2 protein chains.
Amino acid sequence: MSRQRPINPPSPPKHPAQVTLADIEAARRTLAGHVLRTPLLAAPPLSALTGASVYVKYENLQVTNSFKERGACVKLAALDAGERRRGVIAMSAGNHAQAVAYHARRLGIPATIVMPVTTPFVKVKATEALGATVVLCGETVLEAQLRAEAIAAERDLVWVHPYDDAHIIAGQGTITLEMLEDVPDLDVLVIPIGGGGLIAGNAIAAHALKPAIEIIGVECALYPSMWNAIHGADRPCGGATLAEGIAVSRAGALTLPIVRDLVADIILVDESQIERAVNAFLTLQKTMAEGAGAAGLAAMLAEPKRFAGRKVGLILCGGNIDPRILASIMVRELERDDRIASFRLTIPDRPGILGQIASRLGELGANILGVDHHRLFLDVPAKGAKLDVTVETRDGAHAEQIFRALKDEGYQPVRMAGGAALE
Amino acid sequence: MSRQRPINPPSPPKHPAQVTLADIEAARRTLAGHVLRTPLLAAPPLSALTGASVYVKYENLQVTNSFKERGACVKLAALDAGERRRGVIAMSAGNHAQAVAYHARRLGIPATIVMPVTTPFVKVKATEALGATVVLCGETVLEAQLRAEAIAAERDLVWVHPYDDAHIIAGQGTITLEMLEDVPDLDVLVIPIGGGGLIAGNAIAAHALKPAIEIIGVECALYPSMWNAIHGADRPCGGATLAEGIAVSRAGALTLPIVRDLVADIILVDESQIERAVNAFLTLQKTMAEGAGAAGLAAMLAEPKRFAGRKVGLILCGGNIDPRILASIMVRELERDDRIASFRLTIPDRPGILGQIASRLGELGANILGVDHHRLFLDVPAKGAKLDVTVETRDGAHAEQIFRALKDEGYQPVRMAGGAALE
């Protein structure tokens with residue numbers, strides 16, 4: 001993704017009327033003792049990776065593992081007695097659902113969460129386990145939204161919007177108060193954008209406390225809704241993204257003018273950059289980031305020059321990623337790094353061959369991870385077979401050395417893209 | 001693992017002569033600014049899992065992702081000018097190697113690290129990347145040790161022992177100073193034991209600051225060396241463990257008397273408990289623990305009653321785990337939780353059958369993860385085939401429901417132990 005033109009010069013900031021620094025400071029007092037004051041820590045391995053000086057704000061350590069608790073807690077705490085008695089409703093398949101459920105239970109407020117029927121089991125269960133009533137309806141987010149609005153009207157429930165709400169925006173903005181308290185000389189904050197609540201609150205706080213700080217937004221390239229709104233463009237929104245937490249098709253009405261005023265630029269990141277960033281958080285920083293949570297790092301990987309040598313604050317905003325998907329990302333990254341390599345060999349179909357190949361690979365220092373044997377391919381002679389072997393390798397040079405050795409032995413190796421024989 | 005008898009009443013503590021609270025407080029001043037003062041955070045999901053009130057000390061956030069930096073930094077800082085010029089040597093295939101390499105480079109001290117030839121590539125590379133000279137020799141740790149001692153004598157290098165050293169013990173003990181500063185009312189600390197450096201330093205600090213605190217040690221059941229030494233037993237040490245960081249066959253000479261005096265008990269944990277704990281840290285707490293790093297939580301899973309209702313401090317002492325192994329643990333845990341289930345079906349070998357089965361599974365709400373087709377098994381009729389299907393399920397009841405449906409359709413399902421058809 002190439003560098004985008006600046007949306008607006010970062011100063012002087014014009015504070016939108018809805019949310020002020022005072023609101024965010026009040027929100028912080030509301031959160032005290034109920035939401036974790038997360039650590040902001042230097043991340044030397046990520047600094048080495050990106051060439052910047054990277055600091056990570058660990059919002060994935062919140063009880064429900066995302067920053068969404070901040071906004072939800074502030075919103076719910078602001079309700080009056082009658083509203084609390086009637087209860088709240090939200091539509092979300094993700095972190096907002098759990099955040100609302102958790103703080104509603106804590107405050108004794110009945111919560112109804114509407115989720116599309118396609119929501120993964122594990123998210124439905126997690127939300128129910130937090131005491132919320134989950135209503136599954138609608139094939140799409142839009143259908144679920146319409147149904148949720150109908151239920152809200154019918155039962156007179158308070159709507160808890162995931163981003164287009166001044167209390168939510170103020171709650172999310174408390175992150176920057178903590179970050180600048182811990183590391184006052186941050187040069188730039190890189191903040192994921194879904195509907196824009198996170199970046200709006202934090203941009204207001206950052207510009208009020210430190211006008212010179214630069215705020216960079218990040219969207220996934222498949223859902224450039226805020227980017228479209230800012231640039232008057234209409235790139236399509238859609239598709240399966242690893243960063244489903246920021247896959248929002250329309251910019252918020254409250255958040256858009258704040259982003260327009262206070263955000264220097266929006267970087268669009270593609271899926272492979274998000275995947276690399278998730279893996280880097282896990283393997284280098286030993287922490288779990290969901291796709292949206294890794295979007296800030298993905299933006300740094302996308303445009304390293306822009307951040308080189310600067311003190312960069314990343315909000316690791318969520319850690320809820322499906323373990324199966326995470327496992328698959330980790331294996332794919334090992335393949336990309338040539339630390340796992342797969343070869344398809346053509347072999348004579350007689351006893352002892354597999355032993356010979358395995359011994360040769362052992363001599364070459366290649367640890368065998370998987371073997372798969374095919375006799376039924378049409379391009380194999382009747383007395384021959386194909387053998388897929390997947391091995392652990394040191395690096396690209398080692399993989400190449402193994403390839404050449406197998407070729408010299410007459411096995412006609414073909415390098416395979418995926419871990420073909422990996423269980 | 002059943003409850004072990006207390007080794008010794010926890011008070012009055014007799015402080016071994018070698019290391020005192022004053023030494024540990026001095027070590028803390030040495031570390032300031034060079035080693036991360038890690039966060040100690042409440043871990044509600046782990047509290048819910050164990051029935052205790054769990055606090056986690058995130059030593060995996062250190063630059064080289066383990067607590068070993070504390071001892072290494074204190075030891076290296078104590079060297080005189082002549083020793084620094086000559087350089088240091090250590091034998092380690094793991095975290096101690098990287099900790100010594102990192103702080104030696106920082107202090108401008110040449111470091112030689114001897115590793116057994118069986119050490120994984122990635123650890124060799126990581127240690128070299130930190131500026132150390134790596135010498136690969138010896139099939140076993142013992143052979144590598146002998147070679148390292150020979151090199152040390154030959155070149156007059158300073159030996160940096162991983163645990164049997166007063167500076168190392170004092171450095172590791174700084175963890176408890178920080179923990180009790182953050183959460184003074186901890187009731188018990190659960191601390192992994194390899195050679196015993198970590199538990200020795202922290203037991204000294206804890207008993208000096210808060211004599212009533214209970215210190216529980218954890219060893220993996222495959223390497224009960226400290227347990228043997230304390231109990232005068234001789235259970236065998238050996239085997240492949242996920243907790244290779246604490247797979248030590250002989251208790252330290254300095255550390256043993258400290259453990260004897262100050263540690264209330266040692267819990268032995270088996271591999272499945274360690275695996276569960278690694279997975280719980282990752283999926284519930286969104287952080288990466290290596291086997292040894294998760295040993296404290298494994299002990300809580302092994303003996304939950306002992307910790308129920310108490311404030312428990314866990315030292316997540318290291319996060320260096322091979323991504324492939326972690327990926328495999330995650331998938332295995334999903335299988336154990338019945339969130340992934342595999343069935344082997346006997347099917348007539350004609351067109352359309354796979355489509356029928358896939359449609360039926362879809363109706364049942366089972367997401368297909370993998371399919372594998374066999375025609376060559378001898379127990380299949382010539383016109384039949386075996387089909388292995390792996391599906392994502394909600395829970396055990398859902399898996400059972402799918403099993404019964406497949407049986408009713410005549411596919412003679414057999415439940416498979418592993419993700420047979422999972423790529």
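The part I have in mind is the side chain of Glu178(B): is Glu178(B) buried or exposed, and with which side chain does Glu178(B) meet in a salt bridge?

A: The model is predicted, and the answer should be read with that in mind. Glu178(B) has a relative accessibility of 5%. Buried means under 20%, so Glu178(B) counts as buried.

The partner of Glu178(B) is Arg70(B), and the two side chains meet in a salt bridge with a distance of 2.9 Å from N to O. Arg70(B) belongs to helix 3 (residues 68-77) of chain B, whereas Glu178(B) belongs to helix 8 (residues 166-182) of chain B, so this pair ties together parts that are 108 residues apart in sequence. Arg70(B) counts as buried because its relative accessibility is 0%. The general principle is that side chains of opposite charge can pair when their charged atoms come close.

Chain A contains a salt bridge between the residues with these numbers as well. There, the side chains of Glu178(A) and Arg70(A) meet at 3.0 Å, N to O. This pair also links distant parts of its chain: Glu178(A) is in helix 8 (residues 166-182) and Arg70(A) is in helix 3 (residues 68-77) of chain A, 108 residues apart. Glu178(A) and Arg70(A) are both buried.

These pairs belong to a total of 44 salt bridges over all chains. One of the others lies within a single helix. Glu363(B) and Arg360(B) form a salt bridge whose closest N and O atoms are 2.9 Å apart. Both residues lie in helix 16 (residues 353-363) of chain B, three residues apart, which is about one turn of the helix.

How many aromatic pairs does the structure hold? There are two over all chains. In the pair formed by Phe343(A) and Phe403(A), the ring centres are 6.3 Å apart and the planes are at 40°, so this pair is tilted. Phe343(A) is in strand 11 (residues 340-348) and Phe403(A) is in helix 17 (residues 396-408) of chain A, so the pair ties together parts that are 60 residues apart in sequence. Phe343(A) is buried, with 0% relative accessibility. Phe343(B) and Phe403(B) form a tilted pair too, with 6.3 Å from centre to centre and 40° between the planes. Phe343(B) is placed in strand 11 (residues 340-348) and Phe403(B) in helix 17 (residues 396-408) of chain B, so parts 60 residues apart in sequence are tied together here. Phe343(B) is buried, with a relative accessible area of 0%.

Helix 17 of chain A also holds His398(A), which is buried, with a relative accessible area of 2%. A polar atom of the His398(A) side chain lies 2.9 Å from the backbone nitrogen of Arg394(A).

A charged side chain may also be placed over a ring. Arg235(A) lies over the face of Trp227(A), at 4.2 Å from the ring centre. In chain B, the charged end of Arg235(B) sits over the ring of Trp227(B), 4.2 Å from its centre.

The backbone deserves a remark as well. Most residues other than glycine have a negative phi. Asp156(B) is not a glycine, and yet its phi is positive, at about 55°. Asp156(B) is placed in the loop between helix 7 (141-155) and strand 6 (158-159) of chain B, and it is partly exposed at 43% relative accessible area. Lys286(B), which is not a glycine, has a positive phi of about 60°. The loop that holds Lys286(B) runs between helix 12 (271-285) and helix 13 (295-302) of chain B, and Lys286(B) counts as buried at 6% relative accessibility.

Leu354(A) lies in helix 16 (residues 353-363) of chain A and is partly exposed, at 43% relative accessible area. Glu178(B), by comparison, counts as buried at 5% relative accessibility.

Key. Residues are numbered from 1 along each chain as its sequence is written. Chains are lettered from A and ligands numbered from 1 in the order in which they are written. This is a predicted model: local features need pLDDT of at least 70, side-chain atom pairs count only at pLDDT 80 or more; totals for chains, interfaces and linings use all residues. Side-chain values use heavy atoms; hydrogens and water are left out. Helices (H or I, at least four residues) and strands (E, at least two) are DSSP runs, numbered from the N terminus. Buried means under 20% relative accessible area, exposed over 50%, partly exposed in between (1.4 Å probe, protein chains only). Rings of Phe, Tyr and Trp (its six-membered ring) pair if their centres lie within 6.5 Å; planes under 30 degrees apart count as stacked, over 60 as edge-to-face and the rest as tilted. A charge sits over a ring if NZ of Lys or CZ of Arg is within 6 Å of the ring centre and within 35 degrees of the ring normal. A polar contact is a pair of N or O atoms within 3.5 Å; within protein, one must be able to donate a hydrogen and the other to accept it, and residues adjacent in sequence count only if both atoms are side-chain atoms. A salt bridge is a side-chain nitrogen of Lys or Arg within 4 Å of a carboxyl oxygen of Asp or Glu.
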